[in-house]
Every structure is written in structure tokens, then in C-alpha cells.
Amino acid sequence: MDFNQIRQFNFPTTIRFGAHAVKELNPYLRQNKLNRPLVVTDPVIASLDFFKSIVEALNQDGFSVEVFYDIHKNPVKSDVYRGIDQWDATERDCIIGIGGGAALDVARAMVLRVHHREDLFTYDDLIGGDVYVTGEVPFFVTIPTTSGTGSEVGRSAIISDDITHQKKILFSPKLLAKIVFADPLLTMDLPPAVTAATGMDALTHNMEAFLAKNDHPICEGIALEGMRLVSMSLKSAVLRPDLTSRAQMLLASMMGAIAFQKGLGVVHSLAHPLSSLLDTHHGLANAINIPYGMRFNIEGFEGKFLRMAHALCLNEHHGEAVVNYLFDLNSTIGIPHQLRHIGVKEEHLIPLTDLAIADFAHPNNPKPVFREDFENLYRQAY
Ligand SMILES: NC(=O)c1ccc[n+]([C@@H]2O[C@H](COP(=O)([O-])OP(=O)(O)OC[C@H]3O[C@@H](n4cnc5c(N)ncnc54)[C@H](O)[C@@H]3O)[C@@H](O)[C@H]2O)c1
Ligand SMILES: [Fe+2]
């Protein structure tokens with residue numbers, strides 16, 4: 001690291017973390033003179049008891065509450081536009097995102113859109129659209145219900161084009177939540193398959209951020225501790241969840257998202273095309289690809305793999321031990337080792353490769369990834 005160069009490190013999110021943290025929501029809104037929240041979630045969460053209790057408590061405390069939940073599993077632009085129609089029609093004063101990455105991404109994109117009404121993808125960060133995010137944004141609160149993307153502490157939203165399914169990134173420091181209520185009790189009843197997939201997304205964030213080529217020792221420290229928490233708690237969170245495993249996974253997920261401001265890498269670039277082309281859940285796509293992507297990264301980065309092996313509490317401290325751990329972990333938590341087991345067909349491999357090489361994540365991979373590398377990696381994982 002060149003210490004003559006000045007760098008910027010940002011960690012400004014306020015997080016209220018712990019069992020029953022969500023009970024602080026109503027007093028917090030009152031304190032900030034907010035009375036008319038628009039709660040944004042997804043259709044599954046909208047039907048769950050914990051969600052209904054949050055809304056009921058708001059109603060009982062005299063808030064005027066509107067709920068918007070009509071969104072896709074991999075959110076698209078029209079979801080955001082419909083949410084904004086509801087905002088406009090019902091004169092709201094803040095947005096509360098409650099959910100996993102999908103719901104929180106829609107909530108965050110709506111936060112942007114309230115006072116930025118050009119076509120949503122004008123603000124696409126990948127074409128420099130962040131410079132147009134100049135207006136005000138409404139008050140924004142996030143409440144995570146999965147332990148995976150860590151979107152609750154993030155500043156970006158991933159929204160796809162309705163027709164091409166291409167993923168766009170909306171980014172601005174203004175899109176950071178004012179406060180996060182991270183209550184592990186809300187994740188208690190996450191089904192095992194969702195716990196496994198989202199947990200592997202959190203692990204991928206921590207590992208890829210640790211390896212990413214930018215210099216950021218603060219993020220690296222956070223990522224190593226995030227890996228340790230996953231190694232201690234993901235299996236129990238899937239197989240016999242309790243407050244400790246759920247709470248540690250929620251921490252690991254937020255730590256992964258804080259760490260990945262350093263960058264991601266080859267595994268996310270392998271995963272994104274599976275979601276855009278085949279609607280695969282983001283965490284599952286990462287989970288299947290991570291052993292192959294990590295093996296690709298070992299050569300030249302043996303020292304970093306040694307440190308990851310220590311963080312993961314392995315008995316052997318080298319790259320192959322890390323890869324074997326990832327395969328074993330996937331087996332234990334019910335994630336297949338091959339893409340063909342989730343419906344990927346041989347004829348998908350080239351279109352997937354085309355999308356992967358164009359993806360935004362791999363330029364931060366510790367070593368360059370070429371088109372033939374992506375094709376090879378998909379063939380290995382297939
Ligand atoms: N903004 C970012 O930085 C970022 C980063 C990575 C991924 N993403 C996006 O996040 C999305 C994935 O998010 P995710 O992995 O959290 O999954 P998700 O939001 O898609 O949720 C997975 C499933 O679990 C259900 N669910 C959520 N909480 C639950 C609970 N407490 N109990 C029972 N069921 C529950 C949801 O309804 C959904 O069916 C993708 O759309 C991806 O593009 C965003
Ligand atoms: Fe991810």
C-alpha cells in the first residue's frame with residue numbers, strides 16, 4: 001500500500017442491532033416527526049406474522065401507514081414506478097424498507113425516484129449517472145429480514161430492465177439509510193434453503209472483498225471477522241437455528257456489505273448472469289460458483305488464502321483447504337455442487353459467458369478474468 005496516496009474510508013451507518021431492535025421503530029419515527037410512512041416489502045414477507053405485527057403496531061400508535069409489496073423476485077424498473085405511484089397518490093413522508101435484498105433495493109430505488117424523475121436508468125452508476133443524483137431524498141429506514149446481501153447498510157440498489165433483464169446499479173451516498181434496525185428475531189423463521197443461499201452470499205461478500213485488489217485494510221479486517229462469524233454460525237442457522245446463530249449471521253451479512261465497498265470479484269460476475277438470464281436467486285448463484293471462483297484465485301494470492309483459512313478456523317491453512325471447506329459447507333447446508341442441478345443447460349453456458357465478461361464486479365478481482373476464464377469456470381461448475 002502506498003502511504004503517500006490519500007484515500008477515503010466511509011463507515012457512516014447507524015445500526016441498532018439486537019433482539020427486539022425493531023420495537024424502537026415507532027419512537028424513532030415520532031422523534032423525527034414522521035407520521036406517514038410508506039412501508040416497502042415483498043409479497044411473501046407481507047403475508048408473514050412478524051410483518052403484520054410491525055404494521056399493526058404502527059397503526060395502533062396512530063401512524064398513517066401504506067404498504068407497497070407488488071415487486072418481482074429480481075426487481076425491475078416497473079416495480080419502482082408502481083411504488084412511486086403509491087407514494088404520489090398517498091402523500092407519504094418517509095420510506096421504510098423491510099425485507100431481504102430485493103425489497104430493500106426497490107425501497108432504495110424509490111427513495112431516489114421521489115425527487116429524481118428522469119428515466120430511472122439515467123442514474124445508472126455504470127454510465128456515470130450518479131452525478132445526476134443532486135436533489136433531496138426522503139427519510140429512509142431499513143429493516144433487514146434476511147442475512148445475505150447486507151443491502152440495509154448499502155448505498156446502491158440493483159434494479160433490472162423489464163425487457164432486457166440487464167442489471168443496473170443506482171448508487172449515491174444519499175441513498176444510505178438514516179438508521180438500520182437489525183433485529184435477528186425477524187430472521188428466526190427464514191426457511192433453511194433461503195438461510196443457506198443468503199448466508200453463502202454473505203460469505204462471498206466477505207471473501208471477495210478481502211481479496212479485491214483495492215487497498216482498504218479496514219474493510220479487510222471487517223471481512224476476516226465476517227468470515228469467522230459465518231464459519232461459526234451458518235451451519236447452525238440452517239440446521240438448528242437459535243438466536244446466537246441468527247444474530248451472528250446478521251452481523252456477518254452487514255459486515256460483508258460494509259467490506260464490499262472495497263470491491264467484489266469473479267464469483268459475483270459468474271452469479272449475476274444466472275439471475276438475469278435464468279432468474280436464479282442471487283445467493284444460490286454465488287453459493288454454487290464460489291468454490292470454483294476461489295480456486296481460480298489461489299495462484300499468486302497464497303498468503304491471502306492462508307489468512308482466510310485461519311479466519312474460517314480450518315485445520316489446514318492453504319488455498320485448496322479453503323476450496324474443500326466451501327464444497328463441504330455447500331453439501332452440509334443443501335446446496336448443489338453443479339449448475340446443471342438448478343436447471344442450467346449446456347446451451348446456456350455461452351450466453352452466460354457473454355454476460356459475465358460484461359459484468360461490473362470482476363474488474364476488482366485480484367487477478368484479471370478473461371472471457372475464456374469465465375467459459376472454463378462455467379464448464380467446471382456445470
Ligand atoms: N444492494 C446491494 O448491494 C445488493 C447486493 C447483492 C444483491 N442484491 C439484490 O438482493 C436480492 C437478493 O436478496 P436476498 O438474498 O436478501 O433475498 P430476497 O430478498 O430475494 O429474499 C429471498 C426470499 O426470502 C423471503 N424472505 C425474506 N425474509 C424472510 C423472512 N424473515 N422469513 C421468511 N421468508 C423471508 C423473501 O420473500 C424471498 O422469497 C437480489 O435481487 C439481488 O440483486 C443487492
Ligand atoms: Fe452478493
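These legends describe close-up views of a predicted model.

**View 1. The iron ion (ligand 2) and its protein donors.**
Four residues donate to the iron ion (ligand 2): Asp201 through OD, and His205, His268 and His282 through NE2. The donor atoms lie 2.1 to 2.2 Å from the ion. Angles among the 4 donor atoms run from 86 to 167 degrees, and the site is irregular. Four donors count as tetrahedral only if all angles lie between 85 and 135 degrees. Along the sequence, the spacing of the donor residues reads D-x3-H-x62-H-x13-H. His205 belongs to helix α6 (residues 192-211) and His268 to helix α9 (residues 266-278), so this pair ties together parts 63 residues apart in sequence. Both His205 and His268 are buried.

**View 2. Helix α12 and the helices it packs against.**
Helix α12 covers residues 319-332. Its 14 residues, at 1.5 Å a residue, should span 20 Å. The end C-alpha atoms are 20 Å apart, which agrees with that expectation. Buried residues of α12 include Gly319, Val322, Tyr325, Leu326 and Phe327. Leu329 and Asn330 are also buried. An α-helix has 3.6 residues a turn, so residues three or four places apart point the same way. The buried residues of α12 pack against α6, α7 (217-239), α10 (282-298) and α11 (302-311). Gly334 follows α12, with a positive phi near 85 degrees.

**View 3. Ala257 in helix α8.**
Helix α8 spans residues 243-259 and contains Ala257. Is Ala257 buried or exposed? Its relative accessible area is 12%, so Ala257 is buried. Beyond its neighbours within four places in sequence, Ala257 is in contact with Thr149, Gly150 and Val153. Gly226 is 31 residues from Ala257 in sequence. In space, the C-alpha atoms of Ala257 and Gly226 are 9.9 Å apart.

**View 4. His116 in a loop.**
His116 sits in the loop between α5 (101-113) and β5 (139-144). With a relative accessible area of 4%, His116 is buried. What does the side chain of His116 lie 2.9 Å from? A polar atom of that side chain is 2.9 Å from the backbone nitrogen of Gly135. Leaving out residues up to four places away in sequence, His116 touches Tyr123, Tyr132, Val133, Thr134, Gly135, Glu136 and Val137.

**View 5. Positive phi at Lys33 and Cys313.**
Most residues other than glycine have a negative phi. Lys33 has a positive value, near 60 degrees. Lys33 is in the loop between α1 (25-31) and β2 (37-40). Its relative accessibility is 69%, so Lys33 counts as exposed. Cys313 is not a glycine either, yet its phi is positive at about 60 degrees. Cys313 lies in the loop between α11 and α12.

How values were computed: Residues numbered from 1 in each chain as written. Chains lettered and ligands numbered in written order. Predicted model: local features only at pLDDT ≥ 70, side-chain atom pairs only at ≥ 80, totals over all residues. Heavy atoms only, no water. Donors = N, O, S within 2.8 Å, 3.2 Å for Na, K, Ca; no water. Tetrahedral: all angles 85-135°; square planar, octahedral: opposite > 155°, others 65-115°. Helix = DSSP H or I, 4+ residues; strand = E, 2+ residues; numbered from the N terminus. Buried < 20%, exposed > 50% of the residue type's maximum accessible area, 1.4 Å probe, protein only. Expected span 1.5 Å × (residues − 1). Contact = heavy atoms within 4.5 Å. Polar contact = N/O pair within 3.5 Å; in protein donor to acceptor, adjacent residues only side chain to side chain.
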